[in-house]
Amino acid sequence: MTLSTGAVFALGIFAAFWLLAGLWAVGRGVAMQRRSAFVAGQTGRLAGLLEASPYLPVVVRSDWRIEASDRLGRWLGLGPGPRSFDELRGQDAGLDAEGHEALRQAIIGAQRGARPFTLSLRPLGGTRTIVVHGAAAPQSVAGPGSVLLWLSDATDGEQALARARGERDEALAAFEALSGLIEAAPFPMWFRDTELRLALVNRAYVRAVEATSANAVIDEGVELCESVAGVSATDTAEEARESGVTQTRTIPVTIEGERRIMRVVDVPLSPNDGHVIGIAGYAIDIQELESERGAHRRFADAQRELLDRLSAAVAQFGPDQGLIFANQPFRRLFSLEADKIAEAPPFARLLDVWRDIGRTPEVRDFPEWRQAHVDWFARAEASEEDWLLRDGTHLRVVAQPTPDGGLLLIAEDRTEQVQLASTRDTLLRVRTATFDNLFEAIAVFAPDGRLHLWNQRFRRLWGIDEGTLAAHPRVDTLMGELADRLAKPNQVSVVQEVIRAATLERTQRRGDIRFADGHHFDFASIPLPDGNALLIMLDVTDSRRMESALRERNEALVVADEVKTAFLSRMSYELRTPLTSIGGFGEMLQAGYAGKLSDQQQEYIAAIMDSVEVLSRHIDNVLDLAQGEAGTLVVERATVDLPALLDKALASARPLADAEQIELVGNLSDALGTIEGDAPRLSRLVAGLLDNAIRYTAPERREGGRVLLHADGDERGVDIIVSDNGPGLPDAVGAITRGTQAGTATGGIGLALARQLVDAHGGAMEVITEKGQGTMVRISLPRRG
């Protein structure tokens, strides 16, 4: 136990007065002993308090000895408490050289100048932080030159302080970033104080109200939003403060002189105690958003109107699986009414309804099938199925999930396509059977020249086995192997060229080839719409033989016709010479050169002259006919008075008509006028037509027979029509059509000659006849040849 200075002093007094106050000293000693026990107890309690204190007292004496508890060694990691200042420095524990020297200099300063100091030291090999507060020690505690050090373990405090400083720095950085973000925000932002006055605005706000600075806006209280329906911006902020709820409005606002639609938001700011300390606000320009919304609505309306016009059934389901749209084909296909769509029925319920009305396929486990289809909403990809309904309807159903969690359902009625496909398959089978049974050899070549299709006739014709054709050889390879089948092997190149022209040039070509066995084939290549080429080969051996026979016969007929024409021309000239003599002598007898003739002789001479005239006309007709068939008929061009010519023809034909009891009628227009032509030949033409009409009408109609000569004209030409109500001449029409001579049973040579004379005048001739109803011959002649 260490005695205090007061106790030592008391003992000295007690020794001085030992002899004088022995008895008193004994009593006093007992009293002091009691006091020493009390002081020792107090000292122990103080030592315990110091030990429990977070602060550790250390006395450094002037000779650098240390007085401290063992805690100092534990704090510095040195084991038992050090007794000198130099022991505070170690290799792996204690203070490092820098910290030890810093503490030494601080202690020296306190010894010399009594200056207090504070140091923060970190011992080696640990994470502890020790704060040292030092000052000169009181004389009552230590001797002169001593320094009292108070050490505290500031490890937790330093860490907390470091964290607090970090949080403060982060908060300051976040505040600066937030302030910069608010200032750089492209939309107006502001803050109101508790009096709802503007206290802070950003640059966007200043630009929006066209102010000079933020201070000017705040000083003048310039509001961004004017009153709308009697509600001002301050009123909205007041409502946000009173209710503590964010207020949102969509109002028109003038931004930089332009009227825009803005979404204005006032947010009450309150700490945890709920007390509102201000109102923050911002305004977002939604003009483009509103425009886009309007455009989106218009697009959706147009899209739905378009979907209503589609033939495919289309329905749209929302994220809640409720039906929100169905076009008219969908409503018709699934028997949906418009008021049902307004109720937005869920997809699962619709599947139940469709099952009841037979609009879903028959399945064994319908609940499982329904759940599988409800799961369409959760899929990432589209689903496609074919539904066969009870009534035979074939549906192709496509379910496309939409980005908003909905579903687009498309149903296409493919019943007709399925039926058409079945019909097509039947047609393909029929086509195959038809191909194989055609008389012609048929092959189809692809655009690359490979054999695509063929029939059995083609295979048998060329003598190719089925395996070779099934390999789809190219046309050059195939024909190169078949060249020996032809009478002239080099003709294979002709077939190749024809196929190439059809596939590449898309042109139709034809040709003929002869096989080594004597068979002849005509072939042709036809471009097909799909880019292929069709090769057709037809066996024309029999027709070639018949053609050769007909050609030989035709040559014989041509020779015979030439002989006949030459005979007619020769006979015409030879008959004209004696006929001229007969006519000349008859005219001399009529003129009385041989004396006066009796009346009977005059009649004989008149009959002879009539016969001479008729025979002369027939000879002229035969000669003209022969020249026409030989292509040497030449007509004279002169002005012909048609009314006079036709009147003369009527007068010449009237005696024959009267003799045959046929009514001869003339209907001549005043517009006939004249034409350029050969008058004698035209006269014979009309006379011959009238003669034919009278003669072929008389045998059938002795009573009621009628022949009409009708003529009319215009500035371009004239029409002469000879018609009768006789038996008709169908054979004569055929003869005229074929351009052959008509025998006596079909109108004599009159119609054939008439056709040639009309052609020589540049006109046209038309014969219309009906058996038992008569005949009409129409001749059209131009005014100028």
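**Notes on salt bridges, a helix face and a surface patch**

1. Asp 759 and Arg 755 sit four residues apart in helix α24 (residues 750-760), so about one helical turn separates them. The model is a predicted one. The two side chains form a salt bridge, with the closest N and O atoms 3.8 Å apart. Asp 759 is partly exposed, at 45% relative accessibility. Arg 755 counts as buried because its value, 18%, falls under the 20% cut-off.

2. Salt bridges with shared partners also link Glu 384, Arg 396 and Glu 412 into one network. The whole structure holds 18 salt bridges.

3. Arg 359 and Asp 391 form another salt bridge, at 2.5 Å from N to O. Arg 359 is in the loop between α12 and α13, and Asp 391 is in the loop between β13 and β14 (394-401), so the pair ties together parts 32 residues apart in sequence. Arg 359 is buried, at 10% relative accessibility.

4. Asp 193 and Arg 197 also pair through their side chains, at 3.8 Å from N to O. Here Arg 197 is exposed, at 51% relative accessibility.

5. Helix α13 (residues 366-374) has four names to check: Phe 366, Trp 369, His 373 and Val 374 are its buried residues. They span an arc of only 135° around the axis, so they lie on the same side of α13. Their cover includes α12 (347-356) and β13 (383-388).

6. Phe 585, Met 588 and Tyr 593 make a nonpolar patch of about 400 Å². Met 588 belongs to helix α19 (residues 541-591). Its relative accessibility is 39%, which makes Met 588 partly exposed.

Key
Residues numbered from 1 in each chain as written. Predicted model: local features only at pLDDT ≥ 70, side-chain atom pairs only at ≥ 80, totals over all residues. Heavy atoms only, no water. Patch = residues over 30% accessible without salt bridge, like charges linked within 9 Å, V, L, I, M, F, W, Y side chains within 5 Å. Areas by Shrake-Rupley, 256 points an atom, 1.4 Å probe, with all protein chains shown as cover. Salt bridge = Lys/Arg side-chain N within 4 Å of Asp/Glu carboxyl O. Helix = DSSP H or I, 4+ residues; strand = E, 2+ residues; numbered from the N terminus. Buried < 20%, exposed > 50% of the residue type's maximum accessible area, 1.4 Å probe, protein only. Arc of directions from axis to C-beta. Contact = heavy atoms within 4.5 Å.
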